[in-house]
Amino acid sequence: MSESHDWDKVLGVYAKLERGEALDLNADMRELLGRVAQDVALSPEDADRALRSPPGAETLVRELRRRIFEGSRRLSRALVDSARRKKTGDVTGARAVLDAVLAVEVVPLYRKQVEIALDYVDEPEG
């Protein structure tokens, strides 16, 4: 997995696109987008196909941002809701919230964090 600042770089590229700035599709940009695409569970073939043209690369940036942003929000909400339910004694509900995220989440980092939280749900409150 690439370093976390790579995701920040992609979010910065997305912000530039939103301001109407052109994407500089140089070798470094292609490498960055390809690396982050793998981090968020896009196939290398789909990333390579998108990186063949500036419009395709822009679409790829938007998809990377969507997966990073939506996955992060989904994860944050689920972790808070699950912890709250566990504190009230609703371990089944706490587990269900996390299982629902696993059912839709594709980003490996977020899935791993949910799996860690599931392990925590089963531990007794201390």
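I began with burial: I call a residue buried under 20% relative accessible area, exposed over 50% and partly exposed in between, using a 1.4 Å probe and protein chains only. By that cut-off, 37% of the 126 residues of the protein chain are buried.

A note on ground rules. This is a predicted model, where local features need pLDDT of at least 70, side-chain atom pairs count only at pLDDT 80 or more, and totals for chains, interfaces and linings use all residues. I number residues from 1 along each chain as its sequence is written, and side-chain values use heavy atoms, with hydrogens and water left out.

**Entry: overall layout**

I took helices (H or I, at least four residues) and strands (E, at least two) as DSSP runs, numbered from the N terminus. I found six helices and zero strands in the protein chain, giving the pattern α-α-α-α-α-α along the sequence. The radius of gyration is 17 Å, well over the 14 Å of the globule rule for 126 residues, so the protein chain is more spread out than a compact globule. For that I used C-alpha atoms, and the rule is 2.2 Å times the number of residues to the power 0.38. Along the principal axes, the C-alpha atoms fill a box of roughly 55 × 30 × 20 Å.

I then checked the surface, with accessible areas from the Shrake-Rupley method and a 1.4 Å probe; for residues, only the protein chains shown count as cover. The protein chain exposes about 7500 Å², and carbon and sulfur atoms supply 52% of that.

**Entry: the core**

Which residues touch the most other members of the largest nonpolar core? I count as a core a set of buried Ala, Val, Leu, Ile, Met, Phe, Trp, Tyr and Cys residues joined through side-chain atoms within 4.5 Å. The answer is Leu 33, Leu 60 and Leu 64, in a core of 35 residues. Each of α1, α2 (27–39), α3 (44–50), α4 (54–87), α5 (91–104) and α6 supplies at least two residues of this core. The largest share, seven residues, comes from α4.

For contacts I required heavy atoms within 4.5 Å. Beyond its neighbours within four places in sequence, Leu 33 is in contact with Val 10, Leu 51, Ala 57, Leu 60, Val 61 and Leu 64.

**Entry: Tyr 14**

I located Tyr 14 in helix α1, where it counts as buried at 18% relative accessibility. Setting aside neighbours within four places, I saw Tyr 14 in contact with Val 61, Arg 62 and Arg 65.

**Entry: rings**

I paired rings of Phe, Tyr and Trp (its six-membered ring) if their centres lie within 6.5 Å; planes under 30 degrees apart count as stacked, over 60 as edge-to-face and the rest as tilted. That gave me one aromatic pair. Trp 7 is in helix α1 (residues 4–18) and Tyr 110 in helix α6 (residues 108–121), so the pair ties together parts 103 residues apart in sequence. Trp 7 is buried at 9% relative accessibility, and Tyr 110 is buried at 7%.

Last, I looked for charges over rings (NZ of Lys or CZ of Arg within 6 Å of the ring centre and within 35 degrees of the ring normal). Arg 65 lies over the face of Phe 69, 4.2 Å from the ring centre. The charged end of Lys 86 sits over the ring of Tyr 120, at 3.7 Å from its centre.
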